[in-house]
Amino acid sequence: MPLKSFYPNSPDIIITENQPLKQFSTLGTGGTAEYFAQPETISQLQELIISARNMPVYVIGGGSNIIIPDGLIHGLAISTRRLDAVSWQNESSAEIESGHNLSHLVKILREKNIGGLEFSAGIPGTIGGAVSGNAGAGGRGICEFIECVKAVDISGRLVTLRRGEFDYGYRMCSISGVIIASVIMSFTDCPAWNESLYSDFMSRRKSQPLRFRSAGCTFKNPPGNSAGKLLDECGCKGLTFGGASVSDMHANFIINSGHATSSDVLGLAEKCAHRVYECTGIKLELEIKTLSPCFSV
Ligand SMILES: Cc1cc2nc3c(=O)[nH]c(=O)nc-3n(C[C@H](O)[C@H](O)[C@H](O)COP(=O)(O)OP(=O)(O)OC[C@H]3O[C@@H](n4cnc5c(N)ncnc54)[C@H](O)[C@@H]3O)c2cc1C
């Protein structure tokens, strides 16, 4: 496709060609995007989608839950990191753009003495990524607080999904085929900030290999069970595949030991899942997601 037919009209939107994506993932693996952009406003995001005719479009938030495929990724990869404005509508409700950092939102809520999101302590990434997988801990998830999602669809239109128009559950949200542009979160019925609850969730992070590059927990917990415990009991700690290894601190974390590829990480995940299945008959389901197109426009 000739480049000119793709490039948006707005001179403010910068498109990079052959952009390595490693630095946009916490795992630090993956290939190169044919085209790459970081919109700063929702209208720039819409314009990008309208311009990207016939191309697969990918969206990356904080890159803390994804595996970016190795090699050349055909199409347009969009990072939402610069789409990060927050506007408070009143004391207990805010519109937050999808690239806003979740930890930063938690910091604001703590300062405002608004409780509810203490369980998000230490979860990396953006609001858009968190909503797309209903990130959370201790049986809670961020989608509980979402009143409304504004998202850009395949034709570049901004659509609104209200609470009740989408489902969510343990590490899942039914919103798909759109790019989340912003969310309206309501903290109306929330209690005051609970510092000891927050510290409790934060201290659970001590069992995680935070000094190493990872994408968080590799597998979801099977019903009534812990994936980390199963992996540990089946002897997965320390297993390796190329440059990827299972953390010996937490068996549900695959870490990039330095020179891992995404194929190494996926190969190791498969090896672990196979071992757990052989040992226990339980099929583990991946929590980390391979970056795939939101849509092909
Ligand atoms: C050390 C560590 C600890 C973690 N602990 C937890 C935890 O306790 N609980 C938990 O739930 N998770 C945890 N995670 C995983 C991860 O941080 C969360 O899932 C996080 O919410 C992902 O957000 P992100 O912005 O990084 O999303 P990304 O990794 O960038 O993307 C994840 C998915 O969301 C899609 N996406 C991103 N933005 C948008 C958007 N605007 N519109 C539509 N789709 C979008 C992507 O295409 C991809 O499919 C942890 C990760 C790490 C590295």
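Is Leu-239 buried, exposed or partly exposed, and how many C-beta neighbours does Leu-239 have inside 10 Å? In this predicted model, Leu-239 has 18 C-beta neighbours inside that distance and therefore counts as partly exposed. The reasoning rests on two cut-offs: a residue is buried at 20 or more such neighbours and exposed at 12 or fewer, so a value in between is called partly exposed.

Leu-239 belongs to the loop between helix H6 (227-233) and strand S15 (240-241). Apart from neighbours within four places in sequence, Leu-239 is in contact with Ser-245, Val-246, Leu-268, Lys-271 and Cys-272. Gln-44, by contrast, lies 195 residues from Leu-239 in sequence and 44 Å from it in space, C-alpha to C-alpha.

The model also contains an open sheet of five strands, in the order S6-S7-S14-S10-S11, with antiparallel pairing. Strands S6 and S11 stand at the edges; each has a single partner strand, so one side of each has no neighbour in the sheet. On average, neighbouring strands are turned by 20° against each other, direction ignored. Helix H2 packs on this sheet and touches strands S10, S11 and S14, with its direction at about 150° to that of S14.

The following table lists elements of this region with their residues.

| Element | Residues |
|---|---|
| Helix H2 | residues 42-51 |
| Strand S6 | residues 86-90 |
| Strand S7 | residues 93-97 |
| Strand S10 | residues 146-152 |
| Strand S11 | residues 158-162 |
| Strand S14 | residues 179-186 |

Strands S7 and S14 pair in the antiparallel sense over five bridges. Within this pairing, Glu-95 has Ile-184 of S14 as its bridge partner.

How values were computed
Residues are numbered from 1 along each chain as its sequence is written. This is a predicted model: local features need pLDDT of at least 70, side-chain atom pairs count only at pLDDT 80 or more; totals for chains, interfaces and linings use all residues. Two strands pair if DSSP finds at least two bridges between them. Helices (H or I, at least four residues) and strands (E, at least two) are DSSP runs, numbered from the N terminus. Axes are lines fitted to C-alpha atoms, for helices over the stretch in contact, and angles run from 0 to 180 degrees between N-to-C directions. Two residues are in contact if their C-beta atoms, placed from the backbone, lie within 7 Å.
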